[in-house]
Amino acid sequence: MLDVTSAHEIAADARVRANVVRLAAAQALTGANSAVIFATGSIVGATLAPDMSFATVPISMYVLGLAAGTLPTGAISRRFGRRAAFIVGTGLGTLTGLCGSFAILHASFALFCVATFLGGLYGAVAQSYRFAAADGASAAYRPKAVSWVMAGGVFAGVLGPQLVQWTMDVWSPYLFAFSFLVQAAVALVAMGIVAGVDMPKPAPADLHGGRPLLDIVTQPRFIAAALCGVISYPMMNLVMTSAPLAMKMCGLSVSDSNFGIQWHIVAMYGPSFFTGALISRFGAPVIVAAGLLLEAVAAGIGLSGLTAMHFWATLIVLGVGWNFSFIGASALVLETHRPQERNKVQAFNDFLVFGMMAIGSFSSGQLLANYGWSAVNMVVFPPVVLGLAVLSLASWARRRKARLDAAMGEFPDAI
């Protein structure tokens, strides 16, 4: 016979599963927004920018939007509930498409950068989908909930680049103008989906509860989780951002670039169908380490040649590495806070990740233009080594604390 706690967890997980379905669908549609920007941003930038070295600035503005939107997303979620934040995000996604299309039609580089910044704000809200999926879930189901929502990105990997492929020449000679208009419509569909998510407003007691943020983020476990996220996502973004323009510089076609981005996004999210189960079996630190190593392997492939196959293989392996390292790091973050602390801790974690992405992204165009594709790949290796070292130290410290607690007859801290 089930005890009261088990029955409560089963009921909570049933509600979480219903939310997971909606959030996975929203993830797919939101991912199409970012796929359009990443597939076209540097190409449109190279067309509209006053100088070739500014070609990747639109994508950097997207990343800046990601960073700028994380803390407001947490604040809105904390005050009005997750669903309100989701609806605001999809509204920004609609503006992204409308502004992007208008900017291309009127050859405005500045307005196109505004559009991609708005897309970043939308992306910042969407990043909270993975954490929202775990709200109220049992400890055993949390990694799977995060993983399944991220799996929605598989469909983004198909939808986004194909959307670009089907629509990029509709308003010729304004390449990609119609693609952004369709992206606005996709964001409106996402708005209808997230409006049905079952996430009530936080209880008044939760608005001011929990430990001070400084106490939480100085835990070795959080430091390792945040640092690995800070490494895995920005390094992936650096290579992915540069790849379409590097392919163009090597004489490859836009179709080759779209194909590479499409399978990169599929590789980013496809493993999510089983990443949660791998985390449950082997532990988040092991999966994070595997992901960081795969990102290093991807950089090695990028250094080995300049054919379309080399670019495609780099992007695919890079995507799988990001999936393992980023979902694993997200699962580690969930282990560092209590329920009433979740919004501020998760928002702070994403602020660190995307803030660092923004800093690195603005230098990617200069790096590619001045030093070439090889330099972009070489940059990946030192941060990966640092991440593996810090992850190992945090795991050792946790095991040591557990042994000391056991020796003193104390229960280890669940947080």
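Figure 1. At 0% relative accessibility, F86 counts as buried, a word used here for residues under 20% relative accessible area, with exposed meaning over 50% and partly exposed in between (1.4 Å probe, protein chains only). Before going further, please keep in mind that this is a predicted model, in which local features need pLDDT of at least 70 and side-chain atom pairs count only at pLDDT 80 or more, while totals for chains, interfaces and linings use all residues. Residues are numbered from 1 along each chain as its sequence is written, and side-chain values use heavy atoms, with hydrogens and water left out.

The structure holds 14 aromatic pairs; rings of Phe, Tyr and Trp (its six-membered ring) pair if their centres lie within 6.5 Å, and planes under 30 degrees apart count as stacked, over 60 as edge-to-face and the rest as tilted. The ring centres of F86 and Y129 are 4.9 Å apart with planes at 90 degrees, so this pair is edge-to-face. It links distant parts of the chain, 43 residues apart: F86 belongs to helix α3 (residues 82-105) and Y129 to helix α4 (residues 109-132). Helices here are DSSP runs (H or I, at least four residues), numbered from the N terminus. Y129 is also buried, with a relative accessible area of 0%.

Figure 2. Y233 sits in helix α9 and W322 in helix α13, so to find both partners you need to look at parts of the chain 89 residues apart. Both residues are buried. Which residues do ring pairs link into a cluster? They are Y233, Y269, W322, F326 and F354.

**Figure 3. The largest nonpolar core.** A nonpolar core is a set of buried Ala, Val, Leu, Ile, Met, Phe, Trp, Tyr and Cys residues joined through side-chain atoms within 4.5 Å. The largest one has 121 residues, and those touching the most other members are L23, F86, Y129, F176, Y233, W322 and W373. Helix α9 (residues 220-249) supplies the largest share of this core, 17 residues.

Figure 4. How many salt bridges does the count come to? The answer is one, with a salt bridge defined as a side-chain nitrogen of Lys or Arg within 4 Å of a carboxyl oxygen of Asp or Glu. Its partners are the side chains of E335 and R221, which meet at 2.8 Å, N to O. The pair brings together distant parts of the chain, 114 residues apart, with E335 in the loop between α13 (308-334) and α14 (342-371) and R221 in helix α9. E335 is partly exposed at 27% relative accessibility, whereas R221 is buried at 15%.

**Figure 5. H337 and Q346, a polar contact.** H337 is found in the loop between α13 and α14, and Q346 lies in helix α14. A polar contact of 3.3 Å joins their side chains; the term covers a pair of N or O atoms within 3.5 Å where, within protein, one must be able to donate a hydrogen and the other to accept it, and residues adjacent in sequence count only if both atoms are side-chain atoms. Both partners are buried: H337 has 10% relative accessibility, and Q346 has 3%. Apart from neighbours within four places in sequence, Q346 is in contact with R82, F131, L334 and H337. The C-alpha atoms of H337 and L213 are separated by 9.7 Å, although the two residues are 124 apart along the chain.

Figure 6. Is S272 buried or exposed? With a relative accessible area of 0%, S272 is buried. This serine lies in helix α11 (residues 272-282), and its side chain makes a polar contact of 2.7 Å with the side chain of N323. Not counting residues up to four places away in sequence, S272 touches S147, W148, M150, A151, N323 and I327.

Technical notes: Helices (H or I, at least four residues) and strands (E, at least two) are DSSP runs, numbered from the N terminus. Contact means heavy atoms within 4.5 Å.
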